[in-house]
Amino acid sequence: MTPSTPPVTGPAIGPLTAGLVAALPADAVITDPVRLRTYECDGLTHHRATPAVAVLPETAEQVARVVRLCNEAGVPFVARGSGTGLSGGALPREDGVLVVTSRMRRILEIDLPARRAVVEPGVTNLAITEAVREQGRYYAPDPSSQQVCSIGGNVAENSGGAHCLKYGFTVNHVEACEIVTPDGDLVTLDRMDPGYDLLGAFVGSEGTLGIATKITVRLSRVPEAVTTVLAAFESIEQGGRAVSAIIGAGIVPAAIEMMDALSIEAAEAAVACRYPAGAGAVLIVELDGPAAEVERQFERLREICSEAFELRVAADPAERAAIWKGRKSAFAAVGRISPAYIVQDGVVPRTSLPRVLAAIDRLSAEHRIRVANVFHAGDGNLHPLVLFDDAEPGAGERAEVVSGAILDLCVEHGGSITGEHGVGVDKARYMPKMFSAADLDTMQLVRCAFDPRGLSNPGKVFPTPRLCGEVPGVRRGVHPLVESGRAEQF
């Protein structure tokens, strides 16, 4: 495979900036170094880089013009929504352009008979539900940051959330995407298109295959009944047994969330959620569906949670929100008990939860690093919060060791290095622990079919770029899969 031209740096930025100023509204191009610092990281503040230029387009056509100008100059570009990502997926390039879609926040169409809404990428997740709530509809995916995270970022990362156990991830609720391809064309990917599932490939591609400018999402019907239960246990092991028993009983709740004692402490300090005192773990279980079914499931749930020393049932929406308050604030809340922390995201089979949690406890003790555990217990999606004091010499390095060892545990137990936060820059080095070199090359072939120049969010996901001319690691000669006839070079 002939290597492509690497991105041009330095002198190319000047002429490109002039072109961007001419192509966009007067206040849509940011070059001031102080203002650019606003965009130096996403929700994962451990990685930082200041972009050379940031642009805030208002239309899909403006996004396309920006991308075409970047192509002409050979300058890389990175898309950013609300900046709530937790893997460094929207980390800028210091030699590139950051395309911020936060001004593109119109709900363009609501089609209730078809149960669809068409929105721009800057629309927040929760805003969709609020727009259709009175019509008895809602948008089912609900990341914990749903009040502020944007749909464009949800599509890029294939975001999940508390209710993904029953309702699935973003990819299960996106019907079509209008995208700007890495060479600046506007095209539409539709679930109903014949042939390759290009929409499925795009959702979760972390901005490496283009920028979403219009998203058609599926609207779900509000369930007839919802019952939200908080069960308090003396230990996280008891809570884990309850989770296994719930799933084993054939109950598929809308959500099963667990928090350990340290994360409860943080939530209490931050939002005064008033969870039962002395709990070693709390389990939040939400049942929804037809009223008769929810009632039967609740009676079975009450039996299963016999080890709980307290069981709370929300009597109304306000009490339901109060139960969720601590869980929804957990990530930010740990800032009350730790100067710095790393949010991790891995997945293990539910049956492995007790062993993995015990191993995390051992890692915590060995490295003198506290770990608060918050997780989607129903599908084994762990969110360990690795706490450290960045003013203490060596603490950051020990936290990184613990964070990486947790991902190793996930892989060793048959899980994955990410459940919903994406790979970004934070986990790229762990990809070879899950995938062989041939696997990674095959993934890169897909990327190169969309982006042969490697300008769209380069440096993310893949640990050692092999195919698209990204520095370092340019492959020389014909790729083995192309040579064997099993893949086609576009």
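The structure holds two cavities of 30 Å³ or more, where a cavity is a set of points on a 1 Å grid over the protein atoms alone at which a 1.4 Å probe fits but cannot get out. The model is predicted, so local features need pLDDT of at least 70 and side-chain atom pairs count only at pLDDT 80 or more, while totals for chains, interfaces and linings use all residues. Residues are numbered from 1 along each chain as its sequence is written, and side-chain values use heavy atoms, with hydrogens and water left out.

**Stop 1: the largest cavity.** Select I236, E237, G240, M258, L353, P354, L357 and F375, which line the largest cavity; lining residues have an atom within 4 Å of a point. The elements that give two or more residues to this lining are α8 (236–248) and α13 (353–367), helices here being DSSP runs of H or I with at least four residues and strands being runs of E with at least two, numbered from the N terminus. The space inside amounts to about 60 Å³, a volume being the space filled by probe spheres set on grid points that are joined across faces, edges and corners.

**Stop 2: M258 and the core.** Keep M258 selected and show what surrounds it. Not counting residues up to four places away in sequence, M258 touches I236, G239, G240, V243, A281, V282, L283, N373, V374, F375 and A377, contact meaning heavy atoms within 4.5 Å. M258 is also among the residues with the most contacts inside the largest nonpolar core, which has 44 residues. Such a core is a set of buried Ala, Val, Leu, Ile, Met, Phe, Trp, Tyr and Cys residues joined through side-chain atoms within 4.5 Å, and buried means under 20% relative accessible area, exposed over 50% and partly exposed in between, with a 1.4 Å probe and protein chains only.

**Stop 3: strand β18.** Which residue of β18 stands opposite M258? It is F375, and three bridges join strand β13 (residues 255–260) to β18 in an antiparallel pair; two strands pair if DSSP finds at least two bridges between them. Now colour β18 (residues 370–376) itself: six of its seven residues are buried, so the strand is largely enclosed by the rest of the structure. With strand β19 (residues 381–388), β18 pairs in the antiparallel sense over seven bridges, and N373 stands opposite P384 in β19. Four residues lie between the strands of this hairpin, in which G380 takes a positive phi near 70°.

**Stop 4: A399 in helix α14.** Move on to A399, which is found in helix α14 and counts as buried at 0% relative accessibility. Leaving aside neighbours within four places in sequence, A399 is in contact with I342, I369, V386 and F388.

**Stop 5: an open sheet.** Next, select the open sheet of four strands, whose order is β1-β2-β4-β3 with mixed pairing. The edges are held by β1 (29–30) and β3 (77–80), each with a single partner strand, so one side of each is left without a neighbour in the sheet. Strand β2 (residues 53–55) pairs with strand β4 (residues 97–100) in the parallel sense over three bridges, and A54 stands opposite L98 in β4.

**Stop 6: two loops.** Finally, look at R115 in the loop between β5 (107–111) and β6 (116–119), where this residue has a positive phi of about 55° although it is not a glycine. R115 is partly exposed, with a relative accessible area of 34%. N158, in the loop between α5 (151–157) and α6 (164–167), has a positive phi of about 50° although it is not a glycine.

How values were computed. 1 Å grid on protein atoms, 1.4 Å probe; cavity = no way out; pocket = protein on both sides within 12 Å on 5 of 7 lines; lining within 4 Å.
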